[in-house]
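Please read the following report on side-chain contacts and backbone geometry alongside the sequence and the coordinates.

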Amino acid sequence: IVISQLVHNKTFAQSNPISNFFPEINILTSNGPAEGYFFMGSKGTTGVGASQYISIIDNYGTPVFFRKTNSATASMRLLNDGRIAYMHGVPRKLIFLDSMLEISEMLSVQGYKINPHDWDVSTTGNVILMGQSSRVVDMTQFVENGNPEAEALDLIVQEFDSNHNLLFTWNSAEHFEITDANENSPYVDFSEKQLDYVHANGICYDSDSSFLVSCRHMDEITKVDRRTGEIIWRLGGKKNQFQFINDELKFSHQHSIRKLENGNIILFDNGNLRDPQYSSAVEYQLDEKNRTATLVKRMYRNPTVYSNHEGKV
């Protein structure tokens with residue numbers, strides 16, 4: 001029986017190319033890419049009979065690992081400790097894979113609906129997640145044609161230690177105003193029944209005592225003290241506290257915020273409110289004492305391309 005099974009597996013593998021099980025990836029341009037792998041999760045499918053996957057891909061488009069999944073996957077990445085983690089499931093959870101690429105842990109926010117856009121793990125193994133809460137607000141207090149029973153969607157941030165014990169919960173309702181959102185956005189209307197005024201789409205640890213969060217509908221990057229919950233500074237948007245140097249464009253409806261090893265911050269500027277619209281990756285050097293944000297570089301395709309939402313760098 002064992003020999004028969006081995007022969008069957010060998011014949012099966014030889015007669016069925018990998019394209020029968022995983023989509024073929026075509027590399028259009030390869031101009032000295034960095035070594036290493038891409039960690040990818042499929043958000044959705046378009047083809048008839050198509051499947052969703054988590055996968056690890058090399059520079060030639062060859063998968064070194066893939067696994068079919070039963071729902072969309074987001075934000076798959078390699079951690080400093082060698083584990084792999086990604087958002088997956090219904091409802092979404094942060095899934096951790098061990099060294100054998102098997103599920104070892106799962107984590108979600110407590111008491112709230114999870115926001116699957118982003119998450120981060122600290123050097124000590126703490127995890128920071130985003131969630132969403134809602135409350136009823138009388139918007140007639142703020143705008144002339146406001147809804148008296150509008151539903152405001154608030155950002156929730158929760159931090160857990162390496163054993164998944166909840167350390168703190170932060171609620172944007174205690175620190176932001178609904179009208180901090182940019183009413184020029186096609187996604188913001190203060191007269192609507194539901195107000196997604198923050199739409200947080202990126203979060204990361206900034207230091208041992210703070211985190212950065214990208215607030216898309218506010219065109220703002222916010223630094224928050226994890227010890228007190230107080231806002232340390234606000235970059236961009238209506239409540240901007242920085243002088244931008246060498247950067248007249250700034251950023252709009254950005255996605256993905258990360259702090260680099262050199263201390264700078266980098267983000268993906270979708271550029272929704274720019275005319276003409278195009279997207280770019282932007283790196284800033286911040287002087288937090290004197291509140292200046294100096295453009296280090298803006299990276300974009302030539303000719304330019306536009307991604308109206310999401311994206312990462």
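Which residues make a nonpolar surface patch of about 330 Å²? The patch is made by Ile25, Ile27, Phe38 and Met40, where a patch of this kind consists of nonpolar side chains (Val, Leu, Ile, Met, Phe, Trp, Tyr) joined within 5 Å, in residues with over 30% relative accessible area and no salt bridge. Accessible areas come from the Shrake-Rupley method with a 1.4 Å probe, and for residues only the protein chains shown count as cover. Ile25 is found in the loop between helix H1 (2–15) and strand E1 (38–41), helices (H or I, at least four residues) and strands (E, at least two) being DSSP runs numbered from the N terminus. With a relative accessibility of 30%, Ile25 counts as partly exposed; buried means under 20% relative accessible area, exposed over 50%, and partly exposed in between (1.4 Å probe, protein chains only).

The model is predicted, so that local features need pLDDT of at least 70 and side-chain atom pairs count only at pLDDT 80 or more, while totals for chains, interfaces and linings use all residues. Residues are numbered from 1 along each chain as its sequence is written, and side-chain values use heavy atoms, with hydrogens and water left out.

**Aromatic rings**

A pair of aromatic rings is described by the distance of the centres and the angle of the planes. Rings of Phe, Tyr and Trp (its six-membered ring) pair if their centres lie within 6.5 Å, and planes under 30 degrees apart count as stacked, over 60 as edge-to-face and the rest as tilted. By this rule the count comes to eleven aromatic pairs. One of them is formed by Phe244 and Phe251, an edge-to-face pair at 6.1 Å centre to centre with 70° between the planes, and both of these residues, Phe244 and Phe251, are buried. Phe244 also pairs with Tyr284: the ring centres are 5.7 Å apart and the planes stand at 70°, so this pair is edge-to-face. The relative accessibility of Phe244 is 13%, and Tyr284 is buried with a relative accessible area of 0%. Elsewhere, ring pairs link Phe168, Trp170, Phe176 and Phe211 into a cluster.

Charged side chains also sit over rings, which requires NZ of Lys or CZ of Arg within 6 Å of the ring centre and within 35 degrees of the ring normal. Arg77 lies over the face of Trp119, at 3.9 Å from the ring centre, and Arg274 lies over the face of Tyr278, at 4.9 Å from the ring centre.

**Salt bridges and a polar contact**

Side chains of opposite charge can pair when their charged atoms come close. A salt bridge here is a side-chain nitrogen of Lys or Arg within 4 Å of a carboxyl oxygen of Asp or Glu, and by this rule the count comes to 20 salt bridges. The table gives some of them.

| Residues | N to O distance |
|---|---|
| Arg83 and Asp81 | 2.9 Å |
| Arg258 and Asp118 | 3.0 Å |
| Asp206 and Lys259 | 3.4 Å |

Arg258 in strand E18 (residues 255–259) and Asp118 in strand E8 (residues 113–121) are 140 residues apart, and their pair links distant parts of the chain; Arg258 is buried, and so is Asp118. Asp206 lies in strand E13 (residues 200–207) and Lys259 in strand E18, so this pair ties together parts that are 53 residues apart in sequence. Asp206 counts as buried at 11% relative accessibility, whereas Lys259 is partly exposed, with a relative accessible area of 32%. Salt bridges that share partners also join Glu177, Asp180, Glu220, Arg234 and Lys239 into one network.

The side chains of Ser214 and Gln254 are joined by a polar contact of 3.0 Å, a term for a pair of N or O atoms within 3.5 Å in which, within protein, one must be able to donate a hydrogen and the other to accept it, residues adjacent in sequence counting only if both atoms are side-chain atoms. Ser214 belongs to strand E14 (residues 210–215) and is buried at 0% relative accessibility.

**Backbone geometry**

The peptide bond from Val90 to Pro91 is cis, with omega near 0°, and Asp275 and Pro276 are likewise joined by a cis peptide bond, with omega about 5°. Phi is positive in Asn246, near 60°, and in Ser256, near 70°. Asn246 is exposed, with a relative accessible area of 61%, whereas Ser256 counts as buried at 1% relative accessibility.

Terms used:
Patch = residues over 30% accessible without salt bridge, like charges linked within 9 Å, V, L, I, M, F, W, Y side chains within 5 Å.
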